[in-house]
Amino acid sequence: MIILNGRIKTSPEDVRALAADLVAGVARTRKEDGCIEYGFALEDAEAGTILVIERWRDQASLDTHLATPEIAELFGKWGGRFEAQVRMFDASNERGMGE
């Protein structure tokens, strides 16, 4: 499993519009093959930060997602206006809390 976790940082003036554009693609992305979890949340409007959490079955699923026209459009619109402070992890031995 691939996990992406962190923050997206943009200007306080742009953060709500960027968050709205990111959230607009959540329902569609959650239907993609290999998507386990996908979400964004406005963390701090004054600081311009948005939380990111993604879980993908494997790298191939994530690569397919990143190659979609919707992601290209998003980067075309917002490219250069945000900083992704997101880390990617390979995970194994998934289990619930307390297991």
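Which elements do the buried residues of helix 3 pack against? Some notes on that and the rest of the fold follow.

1. Ground rules. This is a predicted model, where local features need pLDDT of at least 70, side-chain atom pairs count only at pLDDT 80 or more, and totals for chains, interfaces and linings use all residues. Residues are numbered from 1 along each chain as its sequence is written, and side-chain values use heavy atoms, with hydrogens and water left out.

2. Helix 3. Helices (H or I, at least four residues) and strands (E, at least two) are DSSP runs, numbered from the N terminus. Helix 3 covers residues 59-66, and its buried residues are Ser61, Leu62 and His65; buried means under 20% relative accessible area, exposed over 50%, and partly exposed in between (1.4 Å probe, protein chains only). Looking down the axis of helix 3, these buried residues fall within an arc of 95°, so they line one face of the helix. That arc is taken from the directions from the helix axis to the C-beta atoms. Ala60 and Thr64 are exposed on the other side of helix 3.

3. Back to the opening question. The buried residues of helix 3 pack against strand 1 (2-10), helix 2 (26-30), strand 2 (35-44), strand 3 (49-56), helix 4 (69-78) and strand 4 (82-90). Contact here means heavy atoms within 4.5 Å.

4. Helix 4. Its buried residues are Ile71, Leu74 and Trp78. Down the axis of helix 4 they fall within an arc of 60°, so they line one face of the helix. Pro69, Ala72, Glu73 and Gly76 are exposed on the other side of helix 4. As for partners, the buried residues of helix 4 pack against helix 1, strand 2, helix 3 and strand 4. After helix 4 comes Gly80, with a positive phi near 85°.

5. The helix 1 and helix 4 pair. Helix 1 (residues 15-24) packs with helix 4 at an angle of about 175°, their axes being 11 Å apart. Axes are lines fitted to C-alpha atoms, for helices over the stretch in contact, and angles run from 0 to 180 degrees between N-to-C directions. The two helices are therefore roughly antiparallel to each other (over 145 degrees counts as that). On the helix 1 side, Ala17, Leu18, Asp21 and Leu22 meet Leu74, Lys77 and Trp78 in helix 4. The residues of this contact divide into five nonpolar, no polar and two charged.

6. Four strands make an open sheet in the order 2-3-1-4, with antiparallel pairing; two strands pair if DSSP finds at least two bridges between them. Strand 2 and strand 4 stand at the edges, each with a single partner strand, so one side of each is left without a neighbour in the sheet. From one strand to the next the twist averages 15°. Helix 1 lies across strand 1, strand 2, strand 3 and strand 4, and runs at about 20° to strand 3.

7. Strand 2 with strand 3. These two pair in the antiparallel sense over eight bridges, and Leu42 stands opposite Ile50 in strand 3. Their hairpin has four residues between the strands, and Gly48 there takes a positive phi near 75°.

8. Is Glu54 buried or exposed? Glu54 is buried, with a relative accessible area of 8%. Leaving aside neighbours within four places in sequence, Glu54 is in contact with Ile2, Ile3, Leu4, Glu37, Tyr38, Phe40 and Leu62.

Note on methods. Angles under 35 degrees count as roughly parallel, over 145 as roughly antiparallel, 65 to 115 as roughly perpendicular and the rest as oblique. Ala, Val, Leu, Ile, Met, Phe, Trp, Tyr, Cys and Pro count as nonpolar, Asp, Glu, Lys and Arg as charged, and the others, Gly among them, as polar.
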